[in-house]
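Here are my notes from a pass through this model. Have a look at it alongside them.

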Amino acid sequence: MKKTTILFFALVLVFGCTPKKDDQATIFKKINEEALANSVAYENLEEATKTIGHRLTGSPEGAKAEEFTYNLFKSYGLEVEYQPFEVESWSRGEIEVQIGSKNKLEEMPAVTLAHSPVEAEVTAEIVDMGNGIDADYEANPDAVKGKIALVYIGTLPNSPEGTPGLHRSEKTALATKYGAIGIIIINQVDGGVLLTGTASVTGSLITIPAVCIGKENGMELKETLKKSKQYASIKMTNESGLINARNVIATIEGSELPEEKVIVGGHLDSWDLATGAIDNGIGSFAIIDMARTFAALDLKPKRTVQFVMFMGEEEGLLGSRYMVDQAIENGTINQIKYIMNQDMSGNPAGFGTGGRPEAEAFFKEVGKEIMAIDSTTYKNVVSNGAGLHSDHQPFMLQGIPYTSPASRLDRAIYGCYHADCDDFDLVNKEHMVNNVRFSSMMLYALADADQLPAQKLNDAETKAFLEGHNLKLKLQIGGDWRWED
C-alpha cells in the first residue's frame, strides 16, 4: 500500500472519530428544549422563600441561603466554591417617627433606611427640598442646615426636562453635605407601601437618620408645608458590626481559553421586610438554573463561565466589590472579559450593551438566532444605557464590559421593590423560564465567541466612558471617582 494511501486513511480515522462541535443555532435549540422541559428555577425559588425567608447579608437566613445555593450548584455536578468576606453590616432596630405642628406631633408609619446611625433622636423643622438634587440646594444652600430634609425618592411630576435622577443614598449624601440633621424620603408607590434600602453611598454608617414614608402621607405633607411649618421627631436604634458572608461561585472551565472568564452574576441577598422573591430571587435563581442547563447539556464554550451569587449588594455592592478587589490584588482582573448582571430580571425582550455601542452588532446578530426560536417573546431589543447601583458597577469601574437582560416584567411588581410585599406570589414562572432560556443562549454566545463584542477599557478610556454617560457626579458623591481633574 502506498504511503499516501495510508496517510489518507489515517486522516479519515482521526477526523472521522473527532466529535464535531454543534453550531450555535443547534446549541440554542438544545438550550431552549432543556429549559422549557426541565427548568426548576421557579420551584427552587419557591422552596427558598418558604424555608429560608429573607436573605439579609450576615443574618442566619443569609447564611442558609448561601448554603442552599451552594448545594444546588453541587447537585448539578458543578465545581463550586465559597468566596468568604468580612464586612461591616447593618440591621434595623426600633423606629418612631412623629410629624406635625411644633406642639402637636402625631405618629406616622415609617421604615428606617439602611446604614442610619446605631442610635438617633432628633426633632427639627421639616424643609421640602423637592427632588433632593444639587439644584434644589444651590438655590438656598442654608435651607436645611440644622433641619430635616424632605425629598421625593424619584423625580417629581412636572419637574424640568433633564432633571437628573439620583439614588436615595446620593440624595442622603447631599442632604448631609448641606447640613441636614435628618432626611425623610417619600416613596413613589401608591397604597402606603414603605420602602427600605441603603441610604449610604459607601456601605458605611451615615451620620443622620434616614427614613421612608408612604407616598400619600408624603404628598399630603408637602401640601401642608406650603401653608405652615411642620416638624418631625425621629427616634431610632439600629445594629452595626462586622459580619461574615460568602459569595457562591460555580465554574465551568473553558474548552479553548480557560484563562478568560465570562461571569453571570446576581445578588442573592435581600432586605428583611419580606422574602425578596423579586429583588433578587428571580435573578439569582435564574442564574442557578442557567448553570443547571449548561451542566445538563454538557456545554463547554471556549471561555470559562462563572455563575456567581453575590451577597451584600443591597448594603453597598459588598460581595461584587470584594470579588473585584481580590482579582486586582491577585492579578487576575484582566482575565475577566465580560459580565452579565441579573438583577430583578425576567422575560427578556433583548439585552443591553452596557453603554458600549460597538457591541450592538453582536447582540443584534445573536438576537436574530434567538428570535428564530421564539419571536413571540424575544424582540431583539438592544439598549445602550449604562448605570450604577448593581453588581456590574465594580466591574464597569475597571473597564470591564457588561450586559443585562432588557426585562419586560409586570409593572405591578415594582411597587414591592424593597418593600414588605416582595413575596413569592409576585413571581411569574413563565417569565423566569424565558429568562433562563434566552440568557443561557446569550451567555453561551458570549463565552464561545471568536471575538468578544467589546473589550476591556484602559484607565483613561474608563474615565471618558463614565463621563460620557454622565456618571461622574454620582460616583463623586459615592466616593468611587478615583480620577483627579
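1. Ground rules. This is a predicted model, where local features need pLDDT of at least 70, side-chain atom pairs count only at pLDDT 80 or more, and totals for chains, interfaces and linings use all residues. Numbering starts from 1 along each chain as its sequence is written, and side-chain values use heavy atoms, with hydrogens and water left out.

2. Valine 193. This residue sits in the loop between strand 6 (182-186) and strand 7 (210-213); strands here are DSSP runs (E, at least two residues), numbered from the N terminus. Valine 193 is buried, at a relative accessible area of 13% (buried means under 20%, with a 1.4 Å probe and protein chains only).

3. Its neighbours. Leaving aside residues up to four places away in sequence, valine 193 touches Asn187, Gly214, Gly415, Ala419 and Cys421 (contact means heavy atoms within 4.5 Å). Glycine 415 is 222 residues from valine 193 in sequence, yet their C-alphas are 7.6 Å apart.

4. Strand 4. Residues 119-128 run antiparallel to strand 8 (residues 231-252), joined by seven bridges; two strands count as paired if DSSP finds at least two bridges between them. Glutamate 125 has tyrosine 231 as its bridge partner in strand 8. Strand 4 also runs parallel to strand 5 (residues 148-152), with three bridges, and there isoleucine 126 partners isoleucine 148.

5. Strand 12 (residues 350-352) pairs with strand 15 in the antiparallel sense over two bridges, and phenylalanine 351 stands opposite proline 405.

Definitions and conventions: Helix = DSSP H or I, 4+ residues; strand = E, 2+ residues; numbered from the N terminus. Buried < 20%, exposed > 50% of the residue type's maximum accessible area, 1.4 Å probe, protein only.
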